[in-house]
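Good morning, colleagues. Please look at the structure as it comes up, and I shall take you through several of its parts in turn.

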Amino acid sequence: MVIMTEQTASQVSWPFREAQRVAERLQAKAKKSALFETGYGPSGLPHIGTFGEVARTSWVRRAFTELTGLPSRLLAFSDDMDGLRKVPDNVPNRDMLKEFIGRPLTRVPDPFGTHESFGAHNNARLRAFLDAFGFDYEFASSSDYYAAGKFDAALRHVLARHEEIVQIIRPTLGPERRASYSPILPLHPRTGVVMQVPIEQVDVEHGTVTWTDPDSGVRFETAVTGGAAKLQWKADWAMRWAALDVDYEMSGKDLIDSVKLSSAIVQALGAEPPVCLTYELFLDEHGQKISKSKGNGLSVEQWLTYAPPESLAQFMYHAPQRAKRLFFDVIPRAADEYIANVAALAGSDDPHANPAWHIHGGVMPEQAGSPIGFGMLLNLASVINADSAAMLWGFIRAYMPDASPESSPLLARLVEYAVAYNRDFVAPKKHFRPASALERDALRDLAASLRDGVDSYPGEGLAERLQNLVYAVGKRHAFTPLKAWFDCLYQVLLGQTEGPRFGGFIALYGVARTVELIEGALARGDMAAA
RNA sequence: GAGCCUGUAGCUCAGUGGUAGAGCAUUCGACUUUUAAUCGAAUGGCCGUGGGUUCGACCCCCACCGGGCUCACCA
C-alpha cells in the first residue's frame, strides 16, 4: 500500500481526498483492489444526474489509481429486479404494461418491443448512454446476479440476521408498514409478483421464508436464494455492499437516510459499509427543485446541443456537495472554465488540482485548448448573425489568421456549438424594424448595386470593395449623419443595434444572399404597409 | 419532526487562517471612411447578524435571522 506523502495528502482536489479515504479502507482490510459502484433505479432512464454520478465516481477511481497504483473496477449496477410499481407515462403500450404491475422489470415485456424485457430495454438505454461518453465500467444486472446465485451466501446471512435487520428498519416506518415489514420480498410462485407480505417464518437452515398470499390465502415456503426472492431496497443495498465488498459509492442527498440505514444493516451482517459520498441535488434557475413534470430541468441532450461534453463534466466537477443551479445560462460559463483550466494545466506544478486533468483521466489530448473563449465566440456569432460555421471562421481568421480547425480541434467544435446557440437563442429574439421611405430607397439602391458588381469600386480585396460600395450607396442618399445609414443596415437587416463592418459581412455572408436579405426586409415592409 | 445546502460588488458566482476576486453590467479611453468580436482603465463590498477561538477570521466554533432543498409511502 502506498502511503500518501505530505504533498498528496494536502491535495485540494476532492477526487483525491475521496480516493485517499478509499485507500485507507483498503489498507484497513488488506485489500488489493477496489470496487466502485454506481446504482440505477428502475424508474430511471439515464439523465443528467446519471452522467454526474458516473463521471464523479470515475474521477475518484482515477485518482485512486494515481494514488495507489492498485487495480479497480467500476460496477454500474441496475436494480432491474425491482417490481414495476406503476406504468410510466412516457412509453407505448401502456395498457399491456398494466397487467404486469408488481413483476420484476426483467419479467415485464418490453413496451417498445425491441428487447426481451422492459428491464433489458432500460439497461440497453443506460449502457448506450454511458458508452456515448466513453466511461470505463462493467454493467451488472440485479436480476442476473440474483438468478446466478451470486448473492446466495449473503442472502442466507440476511436470513440469519432477519430479526436484527427488522429492528433497524422498523422504527423508521409508518404504522402500516411497520406491521408487515420484512427485508425479504418473495416472488409469487404463480404470478411472479414481488410480494410485500408479512414473513411468518424464517428457516435459516433451509434458507426459506414462509408467507401467505393475501388474495388466495395460500401459504408458500419460498427460498431466498437463486432469484426466488429479492430484498427490500435498503436491505438490498446493504446486502450488495456486503456480498460484493463494495469500497466506494456516492449518492444524492435524498438518499442520506438510506445510506445511514443500509450502513447499519451491513454492519449487522458483520461487514463494513463502503466509503460514501453524499452529493447535493441540482436546482433550477430560480432555486426551485427540478421536476420532470414541470420540465424545468436541463437535459443532457440540450446541454450537448450547445456545448461540448467537457463543459458538462466541468460543471459536474465543481463542488459536488454544494447545491448548484442547473439551467441554460451556466453552459457558456462552464465551457469557459474548462478552457481556462486546460490553459492553466500546461504550466501547472500541481496538475491533480486541475479539473481538466480529471476530466481527461490524467491524459490530456493534443491541442486540447482553444485560443478563443466560448463566451467571446457566442458574442461574435451574435454580432455577425452567424448562420454557418464557415461564416464564423471567416471572422475568426480576420482576428486570428493562424487559427484553423486543424490547429485547434476544440475551437472547431465550439464554432459549431456557437452557431447552434445563435440559431436557437439569439436569432429568434432579434427585432427587425421596418425601413423608412428614405431607407427603402437606399436599400433598393444597395441591392441593385450589389447585383451590378463591385469591380468599379476601389480596394484590395472583395471585403474592402464591398465596404466602399456600401459607403457610396449611403452617400448617394440623404443620411445625416452617415452613421444613420449603417444603423439602418444593422437594425433593418440584422435586427440588432450594432454589427460588424458591413463589407466584411457581405463578403462572408455572400453577395447573392445579402441581396436576398435586403429583398426580404423590403418585402416585410410592404406587408406591414398593406 | 429529522437532515443537508446556502447568504461575498447592481446581477451570476469563485475564494477553507495572512492586504477582498472573476465574468457580465455601468462609465471613460484606444482602434475605426459608419461600426464591431477586441484591448486598456475606472466605478462598485461593515463577505447576513451577534458572540467565541486566534497574533490575525469571508474562512474554524456557537447562537440567531433570511433563502432553498431532501427525507419521513416507494426506490
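Which residues of strand S7 lie on the covered face, and which on the uncovered one? Phe220 and Thr222 form the covered face of S7 (residues 219-223), whereas Arg219, Glu221 and Ala223 form the uncovered one.

Before I continue, some conventions. This is a predicted model, in which local features need pLDDT of at least 70 and side-chain atom pairs count only at pLDDT 80 or more, while totals for chains, interfaces and linings use all residues. Residues are numbered from 1 along each chain as its sequence is written, chains are lettered from A and ligands numbered from 1 in the order in which they are written, and side-chain values use heavy atoms, with hydrogens and water left out. Helices (H or I, at least four residues) and strands (E, at least two) are DSSP runs, numbered from the N terminus.

To return to S7: strand S6 (residues 208-212) runs antiparallel to S7, and 5 bridges join them; two strands pair if DSSP finds at least two bridges between them. One such bridge links Thr208 with Ala223 of S7. The two strands form a hairpin with 6 residues between them, and Gly217 in the turn has a positive phi of about 80°.

I turn now to helix H5. Why does the span of helix H5 (residues 118-132) agree with expectation? At 1.5 Å a residue, its 15 residues should span 21 Å, and its end C-alpha atoms are 21 Å apart; the expected span is 1.5 Å times one less than the number of residues. Buried residues of H5 include Phe118, His121, Leu126 and Phe129, where buried means under 20% relative accessible area, exposed over 50% and partly exposed in between, with a 1.4 Å probe and protein chains only. The buried residues of H5 pack against strands S1 (34-40), S2 (72-78) and S3 (138-141), as well as helices H3, H4 (94-98) and H12 (300-306). After H5 comes Gly134, with a positive phi near 75°.

Helix H3 (residues 48-68) holds Ser58. Ser58 is buried, because its relative accessible area is 18%. A polar atom of the Ser58 side chain lies 2.7 Å from the backbone oxygen of Val54, a polar contact (a pair of N or O atoms within 3.5 Å; within protein, one must be able to donate a hydrogen and the other to accept it, and residues adjacent in sequence count only if both atoms are side-chain atoms). Not counting residues up to four places away in sequence, Ser58 touches Leu74 and Phe135, contact being heavy atoms within 4.5 Å.

In helix H17 we find Trp393, which is buried because its relative accessibility is 7%. Trp393 and Ser404 are 11 residues apart in sequence, with their C-alpha atoms 8.0 Å apart in space. Beyond four places in sequence, Trp393 touches residues including Pro405, Leu411 and Val415.

Finally, the RNA. How many residues surround RNA strand B? There are 42, and the closest are Lys253, Asn468, Tyr471, Lys483 and Phe486; a residue is near the strand if one of its heavy atoms lies within 4 Å of it. Helix H16 gives the most to this surface, with 4 residues. Polar side-chain atoms of Asp82 and Asp257 each lie 2.8 Å from a sugar or linking oxygen of RNA strand B.
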